[in-house]
Amino acid sequence: MSELTISRRGLLAGSALLLASTALPTIGFAQTPKKGGRLIVAADSEPRNLNPAIVASNGVFFISSKVVETLAEASFDGKDGLEPRLALSWEGAADGLSVTFKLRDGVKWHDGKPFTSADVAFSALQVWKPLQNLGRTVFNDLTAVDTPNELTAIFKFAKPTPFQLIRNALPALSSVVPKHVYEVGKIEENPANNAPVGTGPFKFAEYKAGQYYRLTKNDAYWGKDEPYLDEIIYQVLPDRTSAAAALEAEEIQLAAFSAVPLADLERISKVPGLKVITKGYEGLTYQLVVEINHRRKELADLKVRQAIAHAIDKDFVVKTIFLGYAATATGPVPKNDPQFYTADVPTYPFDVAKANALLDEAGYKRADDGKRFALKLLPAPYFNETKQFGDYLRQALAAIGIDAEIVNNDSAAHIKAVYTDHAFDLAVGPPVFRGDPAISTTILVQSGIPDGVPFSNQGGYRNADLDALIAKASETLDTAARTELYKEFQKKVAADLPLINVAEWSFISVARDTVGNIADNPRWAVSNWADTYLAG
Amino acid sequence: MNRLRRFFCTPEAVAGAAILASLIAMALAAPLIFPGDPQAIAGPALLPPFHDWSLPLGTDRLGRDVLAELFHGARTSLAVGLAAAAAALLIGAIVGTLAGFAGGLIDEVLMRVTDAFQTVPSFLLALAFVSIVGPSLGVVVAAIALGAWTGPARVARAEVLSIRERDYVAGARVIGMYPLEIAFREVLPNALPPVLALSSVIVAAAILTEAALSFLGLGDPNRVTWGGMIAEGRTVLRTAPFLSIVPGVALVLTVLGVYLAGEGVVESTAVRRSLS
């Protein structure tokens, strides 16, 4: 057995090391970005199709927004909340029939070919308009893109299209893909969808299923001195509890999109060397919504819907399910939206007695067992919080005599059950607000949407007034008048309750404190990370 | 009487019986001690155990009473375990008796089907079945029974093969009983004891399978299950480990209790056999 000896030299060396380690955090806070380094990030899903021009969703953006760039990115202090990326400026015509983009000069694709207006025209007409989940609505009236020279693209619309909408759509919908790669063969089957080619600060290097995605530095990037990082690795960690452990073990340096469970944040915020960041998701607000199937005769009755709204304790939901990392909702536009939100809508304070009275009034008396009627409740399986809210809603409904039976499905089965088969009475859904109600919000209440379109009104709700309002807003060019119409829209939705908005939440990042320039724009996790660096 | 005394001679059997008895008491008393919905929100969320004596084991992430959930979870675990084992024994005994008694082609076919079921891991079978049909209590019971009937079928067949050569079976044939009548009235009852000896193992396995299914989110979402409780506690494992530990311990004790009591029964009957 060896003896434990303490030498003077060893002790000195040890204490020097200790001293140095206390000094480390201060070095980390130095504001001069350092070049080089490999950033390892937790990824909780593995999208197959990585083409953000086709699949405009956060799971895809998280990886491919570093490779494929958009015309403009969201910004905290830029004009209209935007900052230039591939486009330097954008101008809408007074008649709403065209928008002119001036493009950045000297940009090269990762394969060395120059980026030109032809790529923008190709992306808009061949990809965004016909193929993209969100672009189909927003660019529906786009008829042509004129390219008078290599650095100018003029979008032509068949009908007057509000410039405000196009502007708000730029950060999420305008990923530009290379024409020379995509013009041969079917766009949906192009191999570049799995190994994207773009103009971004990082090149796509490799993907190992179940293990990682690797991006490497683009030395020919247009941004001065950017990017700072040499490599980004997306380590696949499907288990949410493992992200926190991996951060603590320094196996990863960043876990975005609330990969660390909310309940763990308080503990992890006290771990030295880790920081919890709540900023950087302002442009990605998720809404916790109770979707309603209006085909059920009970739910077609406004009084019943009001009763359900009164039965939900929104403060409890925010405090207990979201542990305070959320806000209560008043209507279909989140409170943190700077352009459209209005608080001047009918509200439904938590009031069980009133809810019971409303149900009695509607003619659904309690039977001898205390129950009025039974419902099927389908909580969306994508988030822990949507599942927990399903459990809570079942209890809240029990308090007013509605017997809700929870039906659990996996993601694919849930989407089919709710949006294609309409086999639900109530569903809990997490739609996303994308900076403009016309992008993905009005579709939640508008009628006449074909079966099978996910995250749209599949509850059979039909309100001619609201439909007319949505149609009018979609062709109102004046920004102020258009904003006013959407305020009216919020009032009408809150009054008629085609769905019930409960809360709004965003995500949390946890990072080692050596990671710099985190959360410097409202869509940071899905932006290009050109200025992100690793200190120390 | 002797047998009972012998059963209570082994300390393992006594421990097993005690655990089982308290478990059954828990399951029976659950609606009396904790009337109403065990999933109702009873207090502040994530209350640690032994802080508030009205909620002795604390509360989960939504503020539901963990003790109430534990009691009602015992009902689900026991109900599923017993029902699945009963179904498995029933199917197994019938298939085994038919195969053993009929012999020939019927035997071949039934045993190859049994082989087919035995080669597929029973948990995978249950997983696939529940994800296709959709989770509910009946489906979970069927799914577990689907993977568990092969053992009893093989034992029953082996037993029937020896019994069918006995004189009283030949006698029954002579007095003109129908073959099926002989199989199920004369042969099966005598072949049953060794098959029933398997029941403790099957019940224990069924309880574990049910917990595993619930843990993966494939249990009945409208009932409290221990597996579901463990799964829900997992997201807060570092901050509130008791949420997973409490139902986990209950699960371990239950399986242990069932197994020990079963062993005790087998031991006491075995002793009697060797004595006689």
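The following legends describe close-up views of a predicted model.

**View 1. The contact between chain A and chain B.** Chain A contributes 17 residues to this contact, and chain B contributes 18 residues. On the side of chain B that touches chain A, 8 residues are nonpolar, 6 are polar and 4 are charged.

**View 2. Confidence along chain A.** The mean pLDDT of chain A is 87, with 94% of its residues at 70 or more. Among the elements of this chain, helix α9 (residues 302-311) of chain A has the highest mean pLDDT, 96, whereas helix α1 (residues 8-28) of chain A has the lowest, 46.

**View 3. Two stretches of chain A with pLDDT under 50.** Over residues 1-6 of chain A, pLDDT stays under 50, and the model has 1 contact beyond four places in sequence for these residues. Residues 14-30 of chain A also stay under 50, and for them the model has 9 contacts beyond four places in sequence. Where pLDDT is low, the predicted coordinates should not be read in detail.

**View 4. Glu361(A) in helix α11 of chain A.** Glu361(A) belongs to helix α11 (residues 352-361) of chain A. This residue counts as partly exposed because it has 13 C-beta neighbours inside 10 Å. Between Glu361(A) and Val304(A) the C-alpha to C-alpha distance is 9.2 Å, although the two are 57 residues apart in sequence.

**View 5. Helix α11 of chain B.** Helix α11 (residues 226-234) of chain B is mostly covered, with 7 of its 9 residues buried. The buried residues of α11(B) are Trp226(B), Gly227(B), Gly228(B), Met229(B), Ile230(B), Glu232(B) and Gly233(B).

Key. Residues are numbered from 1 along each chain as its sequence is written. Chains are lettered from A and ligands numbered from 1 in the order in which they are written. This is a predicted model: local features need pLDDT of at least 70, side-chain atom pairs count only at pLDDT 80 or more; totals for chains, interfaces and linings use all residues. Two residues are in contact if their C-beta atoms, placed from the backbone, lie within 7 Å. Ala, Val, Leu, Ile, Met, Phe, Trp, Tyr, Cys and Pro count as nonpolar, Asp, Glu, Lys and Arg as charged, and the others, Gly among them, as polar. pLDDT is the predictor's confidence in each residue, from 0 to 100. Helices (H or I, at least four residues) and strands (E, at least two) are DSSP runs, numbered from the N terminus. A residue is buried if 20 or more other C-beta atoms lie within 10 Å of its own, exposed if 12 or fewer, and partly exposed in between; C-beta atoms are placed from the backbone.
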